[in-house]
Amino acid sequence: MKTGLSYKQHPVDDNYEVIIVGSGMGALATGAILAKEGKKVLILEKHYTAGGFTHVFKRKNYEWDVGLHYVGSLDKDTRMMKRMFDYVTDGRLQWADMGETYDRILFGKEEYRFVKGVQNWKEQMKTYFPNAADVQAIDAYVDLVFKAASAAWPYFAEKALSPWMSWVAGWFMRSKFLRLSRPTTLEVLQSLTRNKKLIGVLTGQYGDYGLPPAQSSFAMHAMLVKHYFNGGYYPIGGAGKIAESILPVIEAAGGKLYTNAEVTRILVKNQQAIGVKMADGRELLAPVVISDAGFMNTFGRLLPAEITQKIGYQVKLGLLEPSASHISLYLGLPHSAEALRLPKANYWIYPDNYDHDANLKNYESDPEAPLPVVYISFPSAKDPDFQNRYPGRSTIEIIGFAPYPWFQKWEGTRWNKRGSDYEALKEKLIKRLLEHLFNVEPQVKGKIEHAELSTPLSTANFVNYARGEIYGLAHTPRRFQCSFLRPRTPIKNLLLTGQDITTCGIGGAMMAGVLTASALLGRNMMQHILRATEAAA
């Protein structure tokens, strides 16, 4: 699986038109779109493999994805996401449908299935909540979800406009979405229903954006729910196929992607970005620098403090907060997914009181409290190519929240050398996560060959988020009011891409790539992509 060259082993010339810091989905999408416009792009990745949260890691006989567990909006009726992927990969990337049910929401022994097709989804919900008031609330809820989702495109498109165009049309393009982003998810749902169980079920995917109902923006919730209404999909060949499929597009225009290539500073001269400084002291110059390192990293680490202060972004950093941190348990089993009867659908497992906010609050204050959410994914069951790569093997991933302060005392320690207390905490968490797995899929008990837990320190180390956050900036109502979260920055020729300027997830980062390329090129690249892929749609 080709994911670029090692900076430590291959020479790098400095004859590039654009340098991109980081190689996540936003960077890859931006790089591919610019490459198709003839730009020679250099992508620099600190990690030993490319892809950000789309990368995979391997142990003997197994591989796991670290961030991509399913993608929506790839069906024949809502093909915008598919057409963006087709464009940046030249059609190399193929997807497998997860089937009729994509998420199974569990509260104690009660199960609620999320099925594909919005009408099917509504009918299924109404079988769980047949009361007339609940039926009315479900219909009103779906209408609001579509209303918020439809308002999202002009809101995000405005971010790519030139300053004067934004001044003319910006408020009009943003206003509808802003109205729906100000209230929390809980506030909106409580305006529709008093049924706490219904609210708990409707927010059963809140882990996909990282904030419980009383903290998250309703607009973020609506976009996520709409994204999956027509089902879930998984890349054939695994998440690593994404970077592998995009890289040839970048290379065809003379671009390169280097791993083990840590950038320590974005170089600025006369309020203009001119290149980057590497960890080995080398300076690489280019007319344009794009950061996919996240808003906090870009203005809190990669730029000198005096520059961040001068452009007023020190204050802006204080307006934002990181998203949730997490633990992830990676399991390998010496049996095929078929033999173990592993499902394709994900599990979302909650305590039986249906109160996400209370459960999370209790857990943050008391580590012995019930786990507020456990997410279980079966990548080897979702990927029809997995058995070709790993015959007679299967994998399972289990994710839970884990407050960063629990792990803070081990900051600065090396991976796999953090001491017995750290390992004991991990073993305790592994045991708790496995209990939930065995409750829903008891046939796998006693058949696990490999178990490995990542913590927020792992995320901080490998993805370079300071507090191990999984989704960049938290998706609070305030976040969407921050008009400075856009591709252009006050520093000339320094642009941003990635989930912080749009929303979390593969889809959000992909959209960021389109917006950043549009801002740099001065063209509506989404319109261009849709036209270019029209014949295949």
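Two rings of Phe, Tyr or Trp (its six-membered ring) count as a pair if their centres lie within 6.5 Å. The model used in these exercises is predicted.

**Exercise 1. Find how many aromatic pairs the structure holds, and classify the pair of F107 and Y112.**

Solution. A search of the whole structure gives 35 aromatic pairs. For F107 and Y112, the ring centres are 6.2 Å apart, and the planes stand at 75°. Planes over 60 degrees apart count as edge-to-face, so the pair of F107 and Y112 is edge-to-face.

**Exercise 2. Decide whether F107 and Y112 are buried or exposed.**

Solution. Buried means under 20% relative accessible area. F107 has 1% relative accessibility and so is buried. Y112 has a relative accessible area of 6%, so Y112 is buried.

**Exercise 3. State which ring the charged end of K40 sits over, and which ring that of R479 sits over.**

Solution. The charged end of K40 sits over the ring of Y16, 5.0 Å from its centre. For R479, the ring is that of F480, with the charged end 5.5 Å from the ring centre.

**Exercise 4. Locate N260 and Y354, and describe the phi and accessibility of each.**

Solution. Begin with the general rule: most residues other than glycine have a negative phi. N260 is not a glycine, yet its phi is positive, near 50°. N260 is in the loop between β10 (256-259) and β11 (263-268). Its relative accessible area is 25%, so N260 is partly exposed.

Y354 also is not a glycine and has a positive phi, about 65°. Its loop runs between β16 (346-350) and α14 (356-365). At 8% relative accessibility, Y354 is buried.

Notes. Residues numbered from 1 in each chain as written. Predicted model: local features only at pLDDT ≥ 70, side-chain atom pairs only at ≥ 80, totals over all residues. Heavy atoms only, no water. Phe/Tyr/Trp six-rings, centres within 6.5 Å; stacked < 30°, edge-to-face > 60°. Buried < 20%, exposed > 50% of the residue type's maximum accessible area, 1.4 Å probe, protein only. Lys NZ or Arg CZ within 6 Å of the ring centre and 35° of its normal. Helix = DSSP H or I, 4+ residues; strand = E, 2+ residues; numbered from the N terminus.
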